[in-house]
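Here is a short tour of one protein model. Keep the sequence and the 3D view open as you read.

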Amino acid sequence: MREELELLTVNKENLVRRIKVAAHNEPADLVIKNGKVIDVFSGQLLEMDVAIADGMIVGLGDYAANEILDAQGRYICPALIDAHVHIESSLLTPGAFSDVLAARGVTAAITDPHEIANVLGADGIRFMLERAKESSIDLYVMLPSSVPATAFEHNGATLEANDLEPLFNHTQVLGLAEVMDFPAVLNAEPEMVDKLAMTLKHSWRIDGHAAGLDARGVNIYKAAGIRTDHECVSIDEAKDRLARGMYVMIRQGTVAKDLPQLISLVNETNSRRFLFCTDDKYPDDLLSEGSVDHNVRMAIKSGLDPITCIKMASLNPAECYGFREKGAVAPGYEANFLLLDDLEQFSISKVYAHGKRIAENGQSVHHHTHSAIKPQAHPLKWPALAADVLAVPLGPSHKAHVIGIIPNSLVTRNLVEQVPEQNDHFVYSPNRDYVKMAVIERHKGLGTVGTAIVKGFGIKSGAIATTIAHDSHNLVVAGCSDSDMIAAAEHLKAIDGGMVVVNDGNVLAELALPIAGLMTDSPAAEAASALKELNEAAISLGASDSFNPFLTLSFLSLPVIPDLKLTDTGLFDVRAFQHISVPID
């Protein structure tokens, strides 16, 4: 109680000072002069100075200050917010991730640590929360709703409502992350209802994952208190969600690139219900393209008004998640802002968070790596692999269900095709674009292995493998030969997880991810360099250069996005929500 009273006293003192500065009775800490304020409330540009005290904006107009920042005619823009992202998918720890986002004008992100939670459970979430304290930006956490994602695979942990509820005591925890188990909601299964009710007791924030759901499914989600969806891939899907009061997140990540299909729906009337997010984005793309600043630029180029685009990346997510002091350059808002050299190009000169400069000219002023905070150990476990474990039997017709890759999409096709065979088993043929794929349980040494056939990688030799396999994060490997697939798997075991390209038994490129098999403690530039080598090695095997082969591979095991996926327990038809056999007869 004493600590709470002291905090209250500090807040009162700050409040009094802000009032005095706003009333011109005390000088501001900082005043930005000669800038054009982007007013996201009216959609106008205001040629006014901005006064800042104690990290808060306290006034627009003429103010005295201890320090002057000359904007030199630049635009003063509210800082950006990524409405939904998995930090683990950047391969970086929270601190290193924040360095990249700060340089791109993002000063807050709504994160879902369900990747590490599927490996380490609640301890993984606590690890991310502790490391987030080292960040230069505000990282908020939505508690994973589906660990495991489904009951049709094996992962490293199970989180029920009683495991999650104590985490609501953490100030950075906002609500419940993307609810992806639609059947559990549809059937009002007790475990899911417990999580929904628990969240509504502490918060009103529940995110959705409505991949492939029709209007009836959206009705059910909204009735359950689910308010957002980041899985829209078509205009019709987005319309269904808007009509039922959902916030629609327009995603532009490394694999899922939905903005070109959705942005034409946005207009001045409905724009307040749209947000930008990245969801999953690799460090090389974050460094070369950016975060949601890339979404903003793409939206502006599509012809949408620049201030509307900025609002979708600032005020809209702030209001969606109840951040009353974020999302605008106005009195009573946190001093989170950007100086833009050009509005149409959305070129960022400086980035400020809570009144402090955190990035300039595309570079963060902070560098967060090699923290003393370490996660619990999680060694990779699976029995010795042999060719018979990876076999894909076929029926007499040699027809099979084949996973068809759709470039730059999380959705796949359920193809029925006659495939190459030998002795009634699938074999790689250099003249056909089919390779073998396997998902191998890696958490508890259960020995479960699912095998299937995938079309669209283009690989003509060797194998690629990764311990990033959404969302259960087992080992996933695809290749042309059993021996290279086994070599790739065993190499990843030796380096405690990561990504690897193997050909003729030789390792061509690798990236070790010793933090739960998901992340590195290296800075973004080093991870991006390793990814470049991995992609070049994969392309040397024949992989397509039109999409990221590793991120695509990692999502081929996610059994909550249509149509066909592979888990460690077999081939999974997402629309039927059940396992099916690979052979047709």
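This is a predicted model: local features need pLDDT of at least 70, side-chain atom pairs count only at pLDDT 80 or more; totals for chains, interfaces and linings use all residues.

Every value here is computed from it.

## An open sheet

Begin with a sheet of 4 strands. The sheet is open, and its order is β5-β4-β1-β6. The pairing in this sheet is mixed. The edge strands are β5 (56-60) and β6 (68-70), and each of them pairs on one side only. On average, neighbouring strands of the sheet are turned by 25° against each other, with direction ignored.

Now look at one pair of strands. Strand β1 covers residues 30-33. It runs parallel to β6, and 3 bridges join the two. Which residue in β6 is the bridge partner of Val-31? The partner is Ile-68.

## A helix enclosed by the rest

Helix α4 spans residues 122-132. Of its 11 residues, 8 are buried, so α4 is largely enclosed by the rest of the structure. The buried residues include Ile-125, Phe-127, Met-128 and Leu-129. Arg-131 is also one of the buried residues of α4.

What do the buried residues of α4 pack against? Three helices are partners: α2 (94-103), α3 (114-120) and α5 (161-164). Strands β10 (138-143) and β11 (173-179) are partners too.

Helix α16 covers residues 524-540. It has 17 residues. From its first C-alpha to its last it reaches 24 Å, close to the 24 Å expected at 1.5 Å a residue. Its buried residues include Ala-524, Ala-527, Leu-531, Leu-534 and Asn-535. These buried residues of α16 pack against several elements, among them α2, α11 (283-288) and α17 (549-555). Strands β26 (463-466), β28 (498-503) and β29 are on the list as well. Gly-542 follows α16, and its phi is positive, near 110°.

Now step back to Thr-520. This residue is found in the loop between β29 (506-512) and α16. Is Thr-520 buried or exposed? Its relative accessibility is 5%, so Thr-520 counts as buried. A polar atom of its side chain lies 3.0 Å from the backbone nitrogen of Ser-522. Set aside the neighbours within four places in sequence, and Thr-520 is still in contact with Leu-91, Leu-92 and Thr-93, among others. Its contacts also include Ala-512, Leu-513 and Ile-515. Another one of them is Ala-527, a buried residue of α16.

## Charged pairs

The structure holds 26 salt bridges. The table shows some of them.

| Pair | N to O distance |
|---|---|
| Glu-26 and Arg-17 | 3.5 Å |
| Arg-74 and Asp-341 | 2.6 Å |
| Asp-293 and Arg-297 | 2.6 Å |

Take Arg-74 and Asp-341, whose side chains meet in a salt bridge. Why does this pair tie together parts that are 267 residues apart in sequence? Because Arg-74 lies in the loop between β6 and β7 (75-78), while Asp-341 lies in strand β16 (residues 337-342). Arg-74 counts as buried, at 17% relative accessibility. Asp-341 counts as partly exposed, at 44%.

Asp-293 and Arg-297 make another pair. Both lie in helix α12 (residues 292-301). They are 4 residues apart, about one turn of the helix. An α-helix has 3.6 residues a turn, so residues three or four places apart point the same way. Asp-293 is buried, at 0% relative accessibility. Arg-297 is buried too, with a relative accessible area of 17%.

Salt bridges that share partners also join Arg-17, Glu-26, Asp-29 and Asp-54 into one network.

## A buried lysine

End with Lys-350, which lies in strand β17 (residues 347-353). How does a residue at 16% relative accessibility count? Lys-350 counts as buried, because the cut-off for buried is under 20%. A polar contact of 3.4 Å joins its side chain to that of Glu-360. Not counting residues up to four places away in sequence, Lys-350 touches Phe-337, Leu-338 and Leu-339, as well as Ala-359 and Glu-360.

How values were computed
Residues are numbered from 1 along each chain as its sequence is written. Side-chain values use heavy atoms; hydrogens and water are left out. Two strands pair if DSSP finds at least two bridges between them. Axes are lines fitted to C-alpha atoms, for helices over the stretch in contact, and angles run from 0 to 180 degrees between N-to-C directions. Buried means under 20% relative accessible area, exposed over 50%, partly exposed in between (1.4 Å probe, protein chains only). A polar contact is a pair of N or O atoms within 3.5 Å; within protein, one must be able to donate a hydrogen and the other to accept it, and residues adjacent in sequence count only if both atoms are side-chain atoms. Contact means heavy atoms within 4.5 Å. A salt bridge is a side-chain nitrogen of Lys or Arg within 4 Å of a carboxyl oxygen of Asp or Glu. The expected span of a helix is 1.5 Å times one less than its number of residues.
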